[in-house]
Amino acid sequence: MTTVGESGTRPPASRLDFGGAGRDGPTVTRDPLLSVRELRVSFGGLVAVAGATFDVRPGTITGLIGPNGAGKSTVVNAIAGQVRTASGRVSFDGHELLGQKPHAIASLGIRRSFQIANLFDSMTVIENLLIGARPWDGENVRACFVGRRRWRRRESELASKAMSIMDHFGVRKLADEVAGNLSGGQKRILELMRILMSDPKMMLLDEPMAGINPVLVQTIAEHLRRLRDEGTTMLMIEHDLSLIEELCDSVIVMANGAVIAEGSLEVLRENEMVVNAYLAG
Amino acid sequence: MSGGIEFYVSSLTLLFGINLIAVWGLDLQYGVTGIFNFAYIIFQAAGAYADGILSLHPANFYQAGETYVGGFHLPFPLPLLGATVAGGLLAVPVSFIVRRLRGDYQAMALLVLSLIATAFVTAQTNFLDGSLGLSFIPKPLYGSVLPASPVSYQWYYCAFVAFVALMVFFMVRAIVTSPFGRVLRAVRDSETAVASLGRSAHRARYIIFIFGGALAGLSGGLFVQYITSWTPTGWLYPETFLFLTAIVVGGAANLGGNVLGTLLVIIGIQEATRFLPQVVYPGLIDSLDWVVIGLALLAFLWFRPKGLVPERRRTLARFVPGQRRTADDLLLGTAAASGALAEVPDIGQPRSDES
């Protein structure tokens, strides 16, 4: 059913039969929100992504799995505009993303987390969250000098939103802590909370659960599922397959820079090629 | 006070005010935004030269063999405005040169640019009279509106510099305490994260590069009107490190720290050595200034990198009205006392329902 190319050639990604395991309802048939076509990224001689093609449908959590070095993070970086050498086509909600600046891509409503939490280390948690809000006119230079009262009001609204997010994850007491002093797990949570401040259309999550304690993983999973149900689309890199099974509506498997399979995890488990990729990777 | 002491005190006050403006400008770039502008002094020089050219007559007017471009003899305060604009304008091409560079590479490129600028101005004798520089730059309003007595004139100029410094203080503080200031600090911490949140780090840096350049130009203009001459030896690259040491010692990204740093490093260390006896050979003590300043920079980077007055931590209470009136609120009149902020619902209350 699927053929895999040798490294260097581009294997065609096959869409596996959902076999009734996929989510029913209108989301299955809707047009993809994010569509990646023939994405290639190379760093010097190293081909990190060799023609990846896949879709992410709106309102779903799509898992991106594969062995180390498969090119998963590079795909996320390329979608977010942080790789200059990417070629191919990446379209989101009718916009072509390749060639656009990272901040322009973010302003379309895409937020990402980083493989290693990328925070504003010298700033407090609350400040990190405030800057996670969508860009607003209070951040213009002009606002430094005029309309202070108006932006103060808006800022306290943002602060109350930040507080409710912190309450949700039980980290309100860290509000005044400097981000650089947080533990690894707390940093990840802060990064996720910072993303949530902007109510993004789509979230690109690069191993969001790494280093987080199991109880909190469930809280986060619960939150992500609710966001999904409210219409937020997610592409999530994750190594924990049980988590993938629990959260993801569909899964993309990458190996050697290419998408080798796509579908639900139950179906993929039966796929010899996927199993080999993981075992051999 | 006797005339001599009075002159000395007013001179120090002037130097303090002028340098403080420059230090605030550089701290906005280095401390707040994380731009390693090791060419900062060339922006001050641009302001000084611009002020000189705008206030002097054309070179042939004096019949003194000087050669420089322009000579517009504009009345005060136009040369000072010109100086500010010149500093800001110079920042445009310079920021273009370093836009792709970050951190160490940016610092290197700017340091080299500072060297090139000095060499260029020194070699181009037709441009700004080379190593001779501009001289007899008129003191503004001297002998016309203000008295021609050096000491009392100097106090008037002091008052003017103090006024300008106060204005600069309010502007810089308005920037660092605003949401834009938060973006600047975020750019300092992580450009990729700033971009991933939909803000253009490049734009923020560009604005601050120009704004800091303009402040350097302003301080250069004020300085040259005080010392009345300006040559390439007055703006060699180590001068930038003098400002930088003041920032590191006092405390980066803290306006009060900048005041303390300027006082200790630029006024203190430089002036204290003036009273030491000249030992071994004349000029040795003066040269030791730089050794002491270099050691202070190293010692602080090593043992107290946040400086004497560290950057303030911006806590939740700052953003929630009614919890605490900050000094900013009192000074800027934006306190919650007006009642305008009381409408915001549920502040400070943990939410039980999930929304």
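Reply: What follows starts with a single strand and then moves to its surroundings.

This is a predicted model: local features need pLDDT of at least 70, side-chain atom pairs count only at pLDDT 80 or more, and totals for chains, interfaces and linings use all residues. Residues are numbered from 1 along each chain as its sequence is written, while chains are lettered from A and ligands numbered from 1 in the order in which they are written.

Take strand β8 of chain A, which spans residues 233-237. Helices (H or I, at least four residues) and strands (E, at least two) are DSSP runs, numbered from the N terminus. β8(A) is mostly covered, with five of its five residues buried. Buried means 20 or more other C-beta atoms, placed from the backbone, within 10 Å of the residue's own; 12 or fewer means exposed, and in between is partly exposed.

Now look at the two faces. T233(A), L235(A) and I237(A) point one way. M234(A) and M236(A) point the other way. In a regular strand the side chains alternate between the two faces of the sheet.

Next come the partners of β8(A). Two strands pair if DSSP finds at least two bridges between them. Strand β3 of chain A, residues 61-65, runs parallel to β8(A), and four bridges join them. Here G63(A) has M236(A) as its bridge partner. Strand β7 of chain A, residues 202-206, is also parallel to β8(A), with five bridges between them. There D206(A) is bridged to I237(A). From β7(A) the chain passes through helix α6 of chain A, residues 214-229, and on to β8(A). This β-α-β crossover is right-handed: with the strands pointing away from the viewer, the path from the first strand over the helix to the second runs clockwise.

Chain A has 281 residues, and 49% of them are buried. Two residues are in contact if their C-beta atoms, placed from the backbone, lie within 7 Å. Take the contacts in chain A between residues at least 6 apart in sequence: 68% of them join residues at least 24 apart. V253(A) gives an example of contacts beyond four places in sequence, among them I65(A), G66(A), L268(A) and A277(A).

Chain A also has an open sheet of four strands, in the order β2-β1-β4-β5, with antiparallel pairing. Its edge strands are β2 (46-56) and β5 (95-96), each pairing on one side only. Two bridges join β4(A), residues 86-92, to β5(A). F92(A) stands opposite H95(A) there.

Last, the contact between the chains. Chain A puts in 46 residues and chain B 37. On the chain B side, α7 (150-176), α8 (179-189), α9 (191-196) and α14 (316-319) each supply at least two residues. α8(B) gives the most, with seven. Eleven of the eleven residues of α8(B) are buried, so this helix is largely enclosed by the rest of the structure. Among these buried residues are P179(B), F180(B), R182(B) and D189(B). What do the buried residues of α8(B) pack against? From chain A there are α3 (125-130) and α4 (148-168). From chain B there are α1 (3-32), α7, α9 and α10.
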